[in-house]
Amino acid sequence: MIDRSPSPDKIQPGHLLLRTAGACDLDPQHLLEVFGEQRRRFAAALQGFGPDDWAAPTRCADWSAHDVVRHLCDGTAIAAGAGPDDRTLDLTAGFDPRITPRGWLTASAGESPDATRRRFVATTEELLVLASDRLAQGRRFDVRMPYGPRDWTVLLLHGFWDSWLHERDVLLARGSEHPTGGDATFYATAYGVFLAAAVAPRFGGQVQDKLTLGGDGGGVFEVDSHDSVTLTASHGNTTGPPAAEVADALAGRSPATAVLGDVPASTRAALTHLADFMNTPVENNPT
């Protein structure tokens with residue numbers, strides 16, 4: 001059963017509660033630390049890129065490494081500039097994850113790779129300082145996410161998931177390892193499961209299941225999308241499909257059957273609506 005009781009005053013270490021209705025519960029200070037580590041690690045890798053590396057293709061169709069990093073700069077600016085009831089990521093306000101971010105890239109179309117890298121570093125540090133100040137001041141306000149209004153710390157988690165995934169898009173496509181830690185993979189996988197479950201009802205899918213995932217970042221991820229979406233996740237030393245590979249599959253980077261083949265077909269079908277949506281050309285998608 002999913003616990004729908006009010007969230008505790010402080011989430012326990014290694015646990016996460018995300019909901020589309022009712023309070024979410026996460027440790028935003030720890031998330032911020034993990035986010036900073038991820039961004040600084042990626043920035044250090046980018047420092048060694050040459051012209052061919054910046055122009056190289058990634059796991060994102062039609063996006064080079066340079067395009068991906070420019071996109072991350074756009075996302076950082078959005079997170080830093082978001083105030084109460086911000087609607088940048090609101091589907092009802094016109095946001096479409098397949099086309100809107102491509103439009104944002106036009107503002108930096110002529111930017112050099114070195115300028116992009118410096119902007120990436122600068123905007124990252126600005127966001128980390130801003131978010132740290134907000135947490136110290138105890139500021140709470142909702143922003144509009146694709147699945148409804150949530151506290152701004154959930155937007156921070158969304159930004160981390162996007163950044164972690166795109167770091168993999170660049171590094172794995174060039175044959176490099178993705179040196180992510182267990183906490184980072186846990187956050188990214190938990191949010192990926194939550195987002196996939198939140199998208200499923202839009203396509204008639206429902207999920208109520210418990211996923212036990214292995215590898216660094218693994219644990220137990222219990223999700224229920226009936227009525228509203230609730231995810232409870234517990235980080236632990238468990239066995240099962242590798243968490244990082246599941247996060248990839250749910251985002252459409254690899255076939256879900258390759259890593260979720262032992263999951264009930266109804267659960268797998270519901271959770272893969274997000275990947276199907278993201279991988280469907282806009283002109284052929286009826287939504």
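R144 stands opposite P149 in strand β3, where strands are DSSP runs of E with at least two residues and helices are runs of H or I with at least four, both numbered from the N terminus. The model is predicted, so local features need pLDDT of at least 70 and side-chain atom pairs count only at pLDDT 80 or more, while totals for chains, interfaces and linings use all residues. Residues are numbered from 1 along each chain as its sequence is written, and side-chain values use heavy atoms, with hydrogens and water left out.

**Hairpin**

- β2 and β3 form a hairpin with 2 residues between them.
- The two strands run antiparallel, and 4 bridges join β2 to β3 (residues 148-151); two strands pair if DSSP finds at least two bridges between them.
- Buried means under 20% relative accessible area, exposed over 50%, and partly exposed in between, with a 1.4 Å probe and protein chains only.

**Sheet**

- An open sheet has 4 strands in the order β1-β6-β5-β4, with antiparallel pairing.
- Its edge strands, each pairing on one side only, are β1 (15-19) and β4 (208-213).
- β4 and β5 (residues 219-224) run antiparallel and are joined by 6 bridges.
- Within this pair, D209 stands opposite V223 in β5.

**Helix α7**

- Helix α7 (residues 182-199) has 18 residues, which should span 26 Å at 1.5 Å a residue; its end C-alpha atoms are 26 Å apart, in agreement.
- The expected span is 1.5 Å times one less than the number of residues.
- Of the 18 residues of α7, 16 are buried, so the helix is largely enclosed by the rest of the structure.

**Largest pocket**

- The largest pocket holds about 1,200 Å³ of space.
- A pocket is an open set of points on a 1 Å grid over the protein atoms alone, where a 1.4 Å probe fits, with protein on both sides within 12 Å along at least five of seven lines; lining residues have an atom within 4 Å of a point.
- Its lining has 49 residues, of which D96, P97, R98, P101 and M278 lie nearest the centre.
- Helices that each supply at least two lining residues include α1 (28-47), α3 (65-81) and α7.
- α6 gives the most to the lining, with 7 residues.

Definitions and conventions
Points joined across faces, edges and corners; volume = space filled by probe spheres on them.
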